[in-house]
Amino acid sequence: QCMEFIRTHQGNKKNISIYGQEKVSTTYKLAKMNLAIRGISADLGIKANDTFHFDQNKDLKADFIMANPPFNKKDWRADDELTEDKRWQGYNLPPASNANYAWILHMVAKLSDNGVAGFILANGAISGDGAEKEIRKQLLEKDLVEAIMLLPRNMFYSTDISVTLWIINKNKKERELQVFNHKKNYRNREKEILFIDLRQQGEPFEKKYIQLSEELRKKICKTYHDWQQSSDNKIYDNVPEY
(Lines give C-alpha, C1' and ligand atoms only; values in the text may rest on other atoms or scores of the structure.)
Protein backbone atom coordinates (compact mmCIF):
# COMPACT_ATOMS: atom_id res chain seq x y z
CA GLN A 1 0.00 0.00 0.00
CA CYS A 2 2.86 2.41 0.78
CA MET A 3 4.42 1.69 -2.60
CA GLU A 4 1.09 2.21 -4.36
CA PHE A 5 0.66 5.53 -2.55
CA ILE A 6 4.13 6.65 -3.64
CA ARG A 7 3.53 5.54 -7.21
CA THR A 8 0.23 7.43 -7.52
CA HIS A 9 1.92 10.59 -6.16
CA GLN A 10 4.90 10.30 -8.54
CA GLY A 11 7.31 9.77 -5.65
CA ASN A 12 10.51 7.73 -5.56
CA LYS A 13 9.96 4.27 -4.05
CA LYS A 14 13.70 4.07 -3.29
CA ASN A 15 13.10 6.64 -0.55
CA ILE A 16 11.19 4.14 1.59
CA SER A 17 12.52 1.37 3.85
CA ILE A 18 10.13 -1.30 5.09
CA TYR A 19 10.45 -3.19 8.38
CA GLY A 20 8.20 -5.69 10.10
CA GLN A 21 7.99 -8.76 12.28
CA GLU A 22 5.72 -11.80 12.27
CA LYS A 23 5.39 -14.66 14.75
CA VAL A 24 3.73 -17.29 12.54
CA SER A 25 6.21 -18.99 10.21
CA THR A 26 3.72 -19.53 7.36
CA THR A 27 2.61 -15.87 7.41
CA TYR A 28 6.24 -14.73 7.61
CA LYS A 29 7.05 -16.71 4.44
CA LEU A 30 3.94 -15.43 2.66
CA ALA A 31 4.87 -11.83 3.51
CA LYS A 32 8.40 -12.27 2.15
CA MET A 33 7.05 -13.88 -1.03
CA ASN A 34 4.42 -11.14 -1.44
CA LEU A 35 7.09 -8.43 -1.23
CA ALA A 36 9.48 -10.29 -3.54
CA ILE A 37 6.79 -10.70 -6.24
CA ARG A 38 6.31 -6.92 -6.21
CA GLY A 39 10.04 -6.21 -6.25
CA ILE A 40 9.98 -4.58 -2.81
CA SER A 41 12.92 -5.03 -0.47
CA ALA A 42 12.12 -5.25 3.24
CA ASP A 43 13.59 -6.35 6.55
CA LEU A 44 11.19 -8.75 8.28
CA GLY A 45 13.82 -10.08 10.68
CA ILE A 46 15.98 -13.15 10.29
CA LYS A 47 13.08 -15.48 11.13
CA ALA A 48 9.50 -15.59 12.41
CA ASN A 49 9.54 -14.61 16.07
CA ASP A 50 7.50 -13.25 18.99
CA THR A 51 7.44 -9.43 18.90
CA PHE A 52 7.34 -8.99 22.68
CA HIS A 53 9.94 -11.56 23.74
CA PHE A 54 12.27 -11.41 20.71
CA ASP A 55 12.05 -7.90 19.32
CA GLN A 56 14.11 -7.92 16.11
CA ASN A 57 13.82 -4.14 15.59
CA LYS A 58 15.05 -2.88 18.95
CA ASP A 59 16.66 0.30 17.62
CA LEU A 60 14.09 1.07 14.93
CA LYS A 61 12.56 4.55 14.83
CA ALA A 62 9.86 4.58 12.17
CA ASP A 63 8.16 7.53 10.48
CA PHE A 64 5.03 5.48 9.80
CA ILE A 65 3.60 2.35 11.40
CA MET A 66 0.58 0.37 10.20
CA ALA A 67 -0.62 -2.61 12.22
CA ASN A 68 -3.49 -5.02 12.76
CA PRO A 69 -2.39 -6.78 15.95
CA PRO A 70 -4.29 -9.72 17.49
CA PHE A 71 -7.30 -8.47 19.47
CA ASN A 72 -7.47 -9.08 23.23
CA LYS A 73 -4.59 -11.58 23.26
CA LYS A 74 -4.50 -13.22 26.69
CA ASP A 75 -1.49 -14.50 28.65
CA TRP A 76 1.00 -12.87 26.27
CA ARG A 77 3.59 -12.85 29.07
CA ALA A 78 4.04 -14.48 32.47
CA ASP A 79 3.47 -12.25 35.49
CA ASP A 80 7.22 -11.95 36.08
CA GLU A 81 8.21 -11.47 32.40
CA LEU A 82 9.01 -8.19 30.62
CA THR A 83 8.22 -6.16 33.73
CA GLU A 84 11.19 -3.80 33.14
CA ASP A 85 11.03 -3.67 29.34
CA LYS A 86 12.11 -0.27 28.06
CA ARG A 87 9.08 -0.12 25.75
CA TRP A 88 6.84 0.52 28.78
CA GLN A 89 9.17 3.13 30.29
CA GLY A 90 7.13 6.10 31.49
CA TYR A 91 3.89 4.07 31.51
CA ASN A 92 2.13 1.55 33.71
CA LEU A 93 3.01 -2.09 33.05
CA PRO A 94 0.60 -3.55 30.43
CA PRO A 95 -1.49 -6.31 32.06
CA ALA A 96 -0.57 -9.91 31.29
CA SER A 97 -4.28 -10.67 30.82
CA ASN A 98 -4.57 -8.60 27.63
CA ALA A 99 -1.92 -7.51 25.11
CA ASN A 100 -3.83 -4.57 23.59
CA TYR A 101 -1.88 -1.90 25.44
CA ALA A 102 1.40 -3.77 25.08
CA TRP A 103 0.89 -3.46 21.30
CA ILE A 104 0.15 0.25 21.63
CA LEU A 105 3.25 0.94 23.74
CA HIS A 106 5.39 -1.24 21.46
CA MET A 107 4.38 0.96 18.51
CA VAL A 108 4.78 4.22 20.43
CA ALA A 109 8.32 3.14 21.37
CA LYS A 110 9.15 2.57 17.69
CA LEU A 111 8.05 6.00 16.42
CA SER A 112 10.45 8.75 15.38
CA ASP A 113 10.00 12.27 16.78
CA ASN A 114 7.60 13.06 13.90
CA GLY A 115 6.24 9.52 13.61
CA VAL A 116 2.62 8.55 12.98
CA ALA A 117 1.04 5.16 13.75
CA GLY A 118 -2.30 3.84 12.52
CA PHE A 119 -3.65 0.59 13.94
CA ILE A 120 -6.91 -1.15 14.77
CA LEU A 121 -7.93 -2.74 18.06
CA ALA A 122 -11.10 -4.12 19.62
CA ASN A 123 -13.42 -1.41 20.96
CA GLY A 124 -12.75 -2.62 24.51
CA ALA A 125 -9.33 -0.97 24.32
CA ILE A 126 -10.94 2.49 24.63
CA SER A 127 -12.81 1.62 27.81
CA GLY A 128 -10.73 -0.94 29.76
CA ASP A 129 -10.14 -0.38 33.48
CA GLY A 130 -7.13 -0.89 35.75
CA ALA A 131 -3.71 -0.66 34.13
CA GLU A 132 -5.28 -0.09 30.70
CA LYS A 133 -7.12 2.99 31.98
CA GLU A 134 -3.90 4.36 33.50
CA ILE A 135 -1.92 3.82 30.29
CA ARG A 136 -4.72 5.46 28.28
CA LYS A 137 -4.56 8.43 30.65
CA GLN A 138 -0.77 8.59 30.22
CA LEU A 139 -1.09 8.52 26.42
CA LEU A 140 -3.48 11.48 26.66
CA GLU A 141 -1.24 13.36 29.09
CA LYS A 142 1.66 12.91 26.65
CA ASP A 143 -0.70 14.17 23.90
CA LEU A 144 0.00 11.27 21.55
CA VAL A 145 -3.54 10.39 20.46
CA GLU A 146 -4.62 12.36 17.39
CA ALA A 147 -7.73 10.54 16.18
CA ILE A 148 -10.07 7.70 17.14
CA MET A 149 -12.42 6.22 14.54
CA LEU A 150 -15.10 3.68 15.43
CA LEU A 151 -15.61 1.29 12.50
CA PRO A 152 -18.77 -0.64 11.55
CA ARG A 153 -19.40 -4.23 12.59
CA ASN A 154 -18.91 -7.14 10.17
CA MET A 155 -15.93 -5.62 8.36
CA PHE A 156 -13.69 -8.65 8.94
CA TYR A 157 -13.94 -12.31 8.01
CA SER A 158 -12.55 -13.42 11.38
CA THR A 159 -14.84 -11.43 13.72
CA ASP A 160 -18.15 -9.54 13.58
CA ILE A 161 -17.25 -7.01 16.29
CA SER A 162 -16.90 -3.28 15.74
CA VAL A 163 -13.27 -2.20 16.04
CA THR A 164 -11.47 1.09 16.54
CA LEU A 165 -8.88 2.74 14.32
CA TRP A 166 -6.32 4.69 16.36
CA ILE A 167 -4.03 7.40 14.99
CA ILE A 168 -1.01 8.14 17.18
CA ASN A 169 1.02 11.23 16.26
CA LYS A 170 4.28 12.22 17.99
CA ASN A 171 4.13 15.77 16.59
CA LYS A 172 0.83 17.64 16.68
CA LYS A 173 2.47 21.07 16.55
CA GLU A 174 2.01 23.64 13.80
CA ARG A 175 4.44 22.94 10.97
CA GLU A 176 4.93 22.89 7.22
CA LEU A 177 5.60 19.58 5.52
CA GLN A 178 6.64 18.87 1.94
CA VAL A 179 4.58 15.92 0.67
CA PHE A 180 5.90 14.88 -2.74
CA ASN A 181 5.28 17.88 -5.01
CA HIS A 182 3.13 20.02 -2.72
CA LYS A 183 3.27 21.55 0.75
CA LYS A 184 0.91 20.85 3.64
CA ASN A 185 0.48 23.37 6.45
CA TYR A 186 -0.56 21.69 9.69
CA ARG A 187 -2.17 23.79 12.39
CA ASN A 188 -1.42 23.26 16.08
CA ARG A 189 -3.59 20.33 17.28
CA GLU A 190 -2.05 19.92 20.72
CA LYS A 191 -4.58 18.81 23.35
CA GLU A 192 -7.08 18.00 20.60
CA ILE A 193 -8.42 14.63 19.44
CA LEU A 194 -10.66 14.01 16.45
CA PHE A 195 -13.39 11.40 17.01
CA ILE A 196 -15.22 9.95 14.02
CA ASP A 197 -18.13 7.52 14.56
CA LEU A 198 -18.49 5.27 11.52
CA ARG A 199 -20.58 2.50 13.11
CA GLN A 200 -23.65 3.44 11.04
CA GLN A 201 -21.65 3.92 7.83
CA GLY A 202 -20.66 1.49 5.09
CA GLU A 203 -22.38 -0.66 2.48
CA PRO A 204 -23.13 -4.41 2.11
CA PHE A 205 -20.33 -6.65 0.89
CA GLU A 206 -20.70 -10.36 0.10
CA LYS A 207 -24.17 -10.31 1.70
CA LYS A 208 -23.19 -10.49 5.40
CA TYR A 209 -20.18 -8.14 5.49
CA ILE A 210 -19.81 -4.36 5.47
CA GLN A 211 -17.24 -2.33 3.56
CA LEU A 212 -16.41 1.37 3.30
CA SER A 213 -16.86 2.53 -0.29
CA GLU A 214 -14.11 4.46 -2.03
CA GLU A 215 -16.30 7.57 -1.88
CA LEU A 216 -16.75 7.20 1.89
CA ARG A 217 -13.05 6.51 2.43
CA LYS A 218 -12.22 9.72 0.56
CA LYS A 219 -14.73 11.63 2.71
CA ILE A 220 -13.18 10.26 5.92
CA CYS A 221 -9.66 11.10 4.73
CA LYS A 222 -10.75 14.60 3.72
CA THR A 223 -12.39 15.15 7.10
CA TYR A 224 -9.21 14.07 8.89
CA HIS A 225 -6.83 16.09 6.71
CA ASP A 226 -9.05 19.19 6.75
CA TRP A 227 -9.20 18.98 10.56
CA GLN A 228 -5.39 18.75 10.69
CA GLN A 229 -4.89 21.78 8.49
CA SER A 230 -7.71 24.22 9.24
CA SER A 231 -8.67 25.99 12.48
CA ASP A 232 -12.17 26.57 11.07
CA ASN A 233 -14.33 23.88 12.69
CA LYS A 234 -16.88 24.26 9.90
CA ILE A 235 -14.37 22.75 7.47
CA TYR A 236 -15.20 19.23 8.63
CA ASP A 237 -18.61 17.65 9.11
CA ASN A 238 -20.09 17.90 12.58
CA VAL A 239 -22.78 15.34 11.77
CA PRO A 240 -24.55 12.99 14.24
CA GLU A 241 -23.28 9.41 13.88
CA TYR A 242 -20.21 10.80 12.07
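I looked up Ala122 and found its place in strand S4, where strands (E, at least two residues) and helices (H or I, at least four) are DSSP runs numbered from the N terminus. Ala122 has a relative accessible area of 4% and is therefore buried; buried means under 20% relative accessible area, exposed over 50%, and partly exposed in between, with a 1.4 Å probe and protein chains only. Leaving aside neighbours within four places in sequence, I find Ala122 in contact with Phe71, Asn72, Ile161 and Thr164, contact being heavy atoms within 4.5 Å. I also noted that the C-alpha atoms of Ala122 and His53, 69 residues apart along the chain, are separated by 23 Å.

I record here that this is a predicted model, in which local features need pLDDT of at least 70 and side-chain atom pairs count only at pLDDT 80 or more, while totals for chains, interfaces and linings use all residues. Residues are numbered from 1 along each chain as its sequence is written, and side-chain values use heavy atoms, with hydrogens and water left out.

Next I turned to the nonpolar cores, each a set of buried Ala, Val, Leu, Ile, Met, Phe, Trp, Tyr and Cys residues joined through side-chain atoms within 4.5 Å. The largest has 27 residues, and Phe52, Ile104, Phe119, Leu139, Trp166 and Ile168 have the most contacts inside it. Two or more residues of this core come from each of strand S3 (62-67), helix H3 (100-110), strand S4 (111-122), helix H4 (131-141), strand S5 (145-150) and strand S6 (163-169). H3 gives the largest share of this core, 7 residues. Not counting residues up to four places away in sequence, Ile168 touches Val108, Leu111, Gly115, Val116, Ala117, Phe119, Leu144 and Val145. A second, separate core of 15 residues includes Val163, Leu194, Ile220 and Tyr242.

I then asked how many of the residues of H3 are buried. The count is 10 of the 11, so H3 is largely enclosed by the rest of the structure. Among these buried residues are Trp103, Ile104, His106 and Lys110, and the buried residues of H3 pack against S3, S4, H4 and S6.

For helix H2 (residues 25-37) I checked the length: at 1.5 Å a residue its 13 residues should span 18 Å, and its end C-alpha atoms are 18 Å apart, which agrees; the expected span is 1.5 Å times one less than the number of residues. H2 is followed by Gly39, whose phi is positive, near 70°.

Most residues other than glycine have a negative phi. Gln10, in the loop between helix H1 (2-8) and strand S1 (18-19), has a positive phi of about 55°, and at 63% relative accessibility it counts as exposed. Lys191, in the loop between strand S8 (182-186) and strand S9 (194-197), has a phi near 65° and counts as exposed at 65% relative accessibility.

My last entry concerns the lining of the second largest pocket, whose residues divide into 5 nonpolar, 1 polar and 6 charged. The largest share of this lining, 3 residues, comes from H3.

Key:
Ala, Val, Leu, Ile, Met, Phe, Trp, Tyr, Cys and Pro count as nonpolar, Asp, Glu, Lys and Arg as charged, and the others, Gly among them, as polar.
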